[in-house]
Amino acid sequence: MKTIVGVILLAGLVSCSSNQHVKKVFVLSNGKFTVDESQQNISLDPSNTHTEQELTFNKGGKVTISVKSPEGTHSFDVPDDGSYVLNLKVDTLTGGVVNYGTSGRPASMSTEQFERMIDSTQQLIEGRNASDQKKTYFIPPSSIKKISTATSVKVIGPYKGIPYSLDADESGKTPEVYKFFTNKQQRESLDDLRKRMSK
């Protein structure tokens with residue numbers, strides 16, 4: 001009897017552990033795309049339309065996503081659990097984690113911090129200070145990048161605003177939020193900021 005109970009408990013543990021794997025891929029593209037039932041095959045129809053979709057994989061081991069477009073088929077590997085950004089846009093995506101502070105709202109900055117941010121953004125556009133440690137990213141077209149080991153994250157793509165505040169999740173923690181821009185957007189924003197600061 002003990003052996004049977006032990007086998008049942010072991011089977012339950014194996015079943016539970018297999019459900020703990022989570023891989024999230026945030027797909028950002030130029031053009032509409034369709035995803036098959038497995039979520040591992042994407043058909044992309046390139047255009048000027050910005051499209052986003054979140055894919056979730058609940059299995060261990062490497063997941064490979066195949067993207068078919070008029071230019072051919074490309075494969076992207078998702079080796080570990082965590083959150084990833086797949087850039088199917090024609091421009092590089094730059095950005096990183098949003099600092100909401102302890103209040104659940106974006107932290108305010110001093111003038112000095114603001115100037116440092118401008119300098120840091122300029123370097124990021126040039127691909128010079130992307131850092132996993134600082135959670136700042138430079139993601140070229142047709143590439144995938146792991147941005148977090150966590151999966152309770154929010155990714156805000158180009159052309160969307162950053163939420164003013166965030167609610168805590170079930171565990172009482174504020175989820176990580178990542179904001180990404182195209183390099184073109186970043187350059188235009190920096191030029192505008194510099195003009196305002198020079199007045």
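This is a predicted model: local features need pLDDT of at least 70, side-chain atom pairs count only at pLDDT 80 or more; totals for chains, interfaces and linings use all residues.
The protein chain contains three helices and ten strands. Read from the N terminus, its elements follow the order α-β-β-β-β-β-β-α-β-β-β-β-α. Of the 199 residues in the chain, 34% are buried. The accessible surface amounts to about 12200 Å², and carbon and sulfur atoms account for 51% of that area. When contacts between residues at least 6 apart in sequence are considered, 63% of them connect residues at least 24 apart.

Strand β10 spans residues 176-182, and five of its seven residues are buried, so the strand is largely enclosed by the rest of the structure. Pairing was found between β10 and two other strands, β6 and β9. Strand β6, formed by residues 93-97, runs antiparallel to β10 and is joined to it by five bridges. Within this pairing, Gly 95 lies opposite Phe 180 of β10. Strand β9, formed by residues 153-156, runs parallel to β10, and four bridges connect the two. Here Val 153 has Glu 176 of β10 as its bridge partner.

Gln 39 belongs to the loop that links β1 (23-35) with β2. Lys 135 is located in the loop between α2 (111-125) and β7 (136-139). Because its relative accessibility is 27%, Lys 135 also counts as partly exposed.

The second largest pocket was examined next. Its volume is about 280 Å³, and 15 residues line it. The lining residues that lie nearest the centre of this pocket are Leu 44, Ser 69, Glu 71, Leu 88 and Ser 142. Strands β2 (41-57), β3 (63-69) and β4 (72-78) are the elements that each supply two or more residues to the lining. The largest share, three residues, is contributed by β2. Sorted by class, the lining of the second largest pocket comprises eight nonpolar, five polar and two charged residues.

Technical notes: Residues are numbered from 1 along each chain as its sequence is written. Side-chain values use heavy atoms; hydrogens and water are left out. On a 1 Å grid over the protein atoms alone, a cavity is a set of points where a 1.4 Å probe fits but cannot get out, and a pocket is an open set with protein on both sides within 12 Å along at least five of seven lines; lining residues have an atom within 4 Å of a point. Grid points are joined across faces, edges and corners, and a volume is the space filled by probe spheres set on the points. Ala, Val, Leu, Ile, Met, Phe, Trp, Tyr, Cys and Pro count as nonpolar, Asp, Glu, Lys and Arg as charged, and the others, Gly among them, as polar. Buried means under 20% relative accessible area, exposed over 50%, partly exposed in between (1.4 Å probe, protein chains only). Contact means heavy atoms within 4.5 Å. Accessible areas come from the Shrake-Rupley method with a 1.4 Å probe; for residues, only the protein chains shown count as cover. Two strands pair if DSSP finds at least two bridges between them.
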